[in-house]
Amino acid sequence: MLTTGFTIFLGVALILAKLPRRTMLRVLKHDLLLDVAVSLMTLMIHWGTFSGVMAATVAGLLTSLATSGLKRLVGYIDGDNYWPGRIRLDV
């Protein structure tokens with residue numbers, strides 16, 4: 001369950017990392033929406049077995065931790081304003 005959840009999270013994290021920086025920062029502004037979307041999609045895909053639901057839950061929790069951490073670490077873009085985190089990106 002944990003391995004499957006971590007693998008699902010790793011896939012989401014790699015997709016987020018491949019986005020252009022500006023797009024990633026715009027997505028991070030809506031971190032709660034991203035967390036809910038990932039959690040719901042993984043729950044719908046893995047619905048039917050206990051291990052599938054637990055893997056989806058682990059993936060949702062890890063995604064929530066990662067997006068919250070990234071928002072604090074690198075910041076986010078709100079409209080035309082860049083709100084930097086602890087590490088400032090060149091955007």
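## Thr67 and its contacts

Leaving aside residues up to four places away in sequence, Thr67 touches Leu28, Asp31, Leu34 and Asp35, a contact being a pair of heavy atoms within 4.5 Å. Thr67 is found in helix 4; helices (H or I, at least four residues) and strands (E, at least two) are DSSP runs numbered from the N terminus. With 2% relative accessibility, Thr67 counts as buried. Here buried means under 20% relative accessible area, exposed means over 50%, and partly exposed lies in between, computed with a 1.4 Å probe on protein chains only. Thr67 and Pro84 are 17 residues apart along the chain, and their C-alpha atoms are separated by 15 Å.

## Basis of the model

This is a predicted model, in which local features need pLDDT of at least 70 and side-chain atom pairs count only at pLDDT 80 or more, while totals for chains, interfaces and linings use all residues. Residues are numbered from 1 along each chain as its sequence is written, and side-chain values use heavy atoms, with hydrogens and water left out.

## Overall architecture

The protein chain has 4 helices and 2 strands, arranged along the sequence in the pattern α-α-α-α-β-β. Its C-alpha trace spans about 45 × 20 × 20 Å along the principal axes. Of the 91 residues in the protein chain, 25% are buried. Among contacts with a separation of 6 or more, 64% are between residues 24 or more positions apart.

Because Lys71 lies in helix 4 (residues 50-74) and Asp31 in helix 3 (residues 31-45), the pair ties together parts that are 40 residues apart in sequence.

The two partners fall into separate accessibility classes: Lys71 is partly exposed at 22% relative accessibility, whereas Asp31 is buried with a relative accessible area of 15%. Asp31 is also one of the residues that Thr67 touches.

## Helix 2 and its buried side

Helix 2 (residues 21-29) has Met24, Leu25 and Leu28 as its buried residues. These residues cover an arc of only 95 degrees around the axis, which puts them on the same side of helix 2; the arc is that of the directions from the helix axis to the C-beta atoms. The buried residues of helix 2 pack against helix 1 (2-18), helix 3, helix 4, strand 1 (75-78) and strand 2 (81-84).

Arg22 also lies in helix 2, but is partly exposed, with a relative accessible area of 46%.

## The largest pocket

A pocket is defined on a 1 Å grid over the protein atoms alone, as an open set of points where a 1.4 Å probe fits, with protein on both sides within 12 Å along at least five of seven lines; lining residues have an atom within 4 Å of a point. Grid points are joined across faces, edges and corners, and a volume is the space filled by probe spheres set on the points.

The largest pocket holds about 260 Å³ of space. Among its 14 lining residues, Val12, Ile15, Val38, Met41 and Thr42 are the closest to its centre. Helix 1 and helix 3 are the elements that give two or more residues to this lining, and helix 3 provides the largest share, 7 residues. The lining comprises 12 nonpolar, 2 polar and no charged residues, where Ala, Val, Leu, Ile, Met, Phe, Trp, Tyr, Cys and Pro count as nonpolar, Asp, Glu, Lys and Arg as charged, and the others, Gly among them, as polar.

## The second largest pocket

The second largest pocket has a volume of about 170 Å³. It is lined by 13 residues, of which Ala13, Leu16, Ala17, Met24 and Leu70 are the closest to its centre. At least two lining residues each come from helix 1, helix 2 and helix 4, and the largest share, 5 residues, is from helix 1. The lining of the second largest pocket divides into 10 nonpolar, 2 polar and 1 charged. Met24 is also one of the buried residues of helix 2.
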